[in-house]
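I opened this entry to look up charged pairs and then the overall fold. My notes follow in the order in which I checked things.

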Amino acid sequence: MSTPHVVVVMGVSGTGKTTVGPLLAAALGVPYAEGDDFHPPANIAKMSAGTPLDDMDRWPWLDAIGSWAHERAGLGGVVSSSALKRAYRDRLRAAAPGAVFLHLTGDRALIGRRLAERKGHFMPVALLDSQFAALENLEADEAGVAVDVSGTPQEITTRAVAALRRLDEN
């Protein structure tokens with residue numbers, strides 16, 4: 001990419017944000033920040049108990065991610081965030097106007113299998129349906145690309161880098 005962007009790797013839980021994010025950051029030569037690390041303990045406790053977050057829970061989390069992205073403006077970086085709704089992405093863009101979104105996409109069955117196989121994460125499979133219900137895909141006026149999550153993490157990362165480069169060329 002010709003200019004160092006802050007890339008927000010988004011999607012429902014289980015799409016591979018935490019796996020692809022660091023690989024993408026390494027490919028782009030920029031730092032990676034794990035979005036889950038920005039959650040306050042109350043959010044993690046709520047999700048661990050199987051309770052979906054509401055918007056009041058998400059605003060401070062999104063603001064913390066937005067602050068990190070703002071600090072990386074012009075320097076580049078990759079951060080993960082579900083960013084499921086347009087309002088959440090708008091809030092991130094308000095803090096970091098140059099941010100671009102990489103939406104990791106896949107069908108419910110594939111993502112459900114991956115989530116069920118995941119160990120040591122606070123997000124239970126039971127919340128996946130609520131994430132799909134809340135998901136609002138990127139709109140035409142949003143800077144970003146969608147990449148399918150089938151294949152290996154390296155294959156997904158290669159497709160993501162290529163899609164982001166094409167975005168940068170336009």
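I began with Arg93, which forms a salt bridge with Glu142, the closest N and O atoms being 3.0 Å apart. I take a salt bridge as a side-chain nitrogen of Lys or Arg within 4 Å of a carboxyl oxygen of Asp or Glu. This pair links distant parts of the chain: Arg93 sits in helix α4, Glu142 in the loop between α6 (128-134) and β5 (144-148), and the two are 49 residues apart. Helices (H or I, at least four residues) and strands (E, at least two) are DSSP runs, numbered from the N terminus.

The model is predicted: local features need pLDDT of at least 70, side-chain atom pairs count only at pLDDT 80 or more, and totals for chains, interfaces and linings use all residues. Residues are numbered from 1 along each chain as its sequence is written, and side-chain values use heavy atoms, with hydrogens and water left out.

Next I asked: are Arg93 and Glu142 buried or exposed? Arg93 is buried, with a relative accessible area of 16%, and Glu142 counts as buried at 6%. My classes are buried under 20% relative accessible area, exposed over 50%, and partly exposed in between (1.4 Å probe, protein chains only).

Within it, the side chains of Arg86 and Asp90 meet at 2.9 Å, N to O. Arg86 and Asp90 are four residues apart in helix α4, so about one helical turn separates them. Arg86 is buried at 17%, while Asp90 is partly exposed at 34%.

Arg89 is in helix α4 (residues 86-95) and counts as buried because its relative accessibility is 0%. What does Arg89 touch, not counting residues up to four places away in sequence? I listed Met10, Ala83, Leu84, Phe101, Glu136, Asn137, Leu138 and Glu142, a contact being heavy atoms within 4.5 Å.

How many salt bridges does the count come to? It comes to twelve. Another of them is Lys46 with Asp57, where the closest N and O atoms are 2.6 Å apart. Lys46 lies in helix α2 (residues 41-48) and Asp57 in helix α3 (residues 55-71), so this pair ties together parts that are eleven residues apart in sequence. Lys46 is partly exposed at 24%, whereas Asp57 is buried at 17%.

I turned to the whole chain last. The protein has seven helices and five strands, in the order β-α-β-α-α-β-α-β-α-α-β-α along the sequence. Its radius of gyration is 15 Å, which agrees with the value near 15 Å for a compact globule of 170 residues. That radius is taken over C-alpha atoms, and the globule rule is 2.2 Å times the number of residues to the power 0.38. The C-alpha atoms fill a box of roughly 45 × 35 × 30 Å along the principal axes.

Buried residues make up 44% of the 170 residues. Among contacts between residues at least 6 apart in sequence, 74% join residues at least 24 apart.
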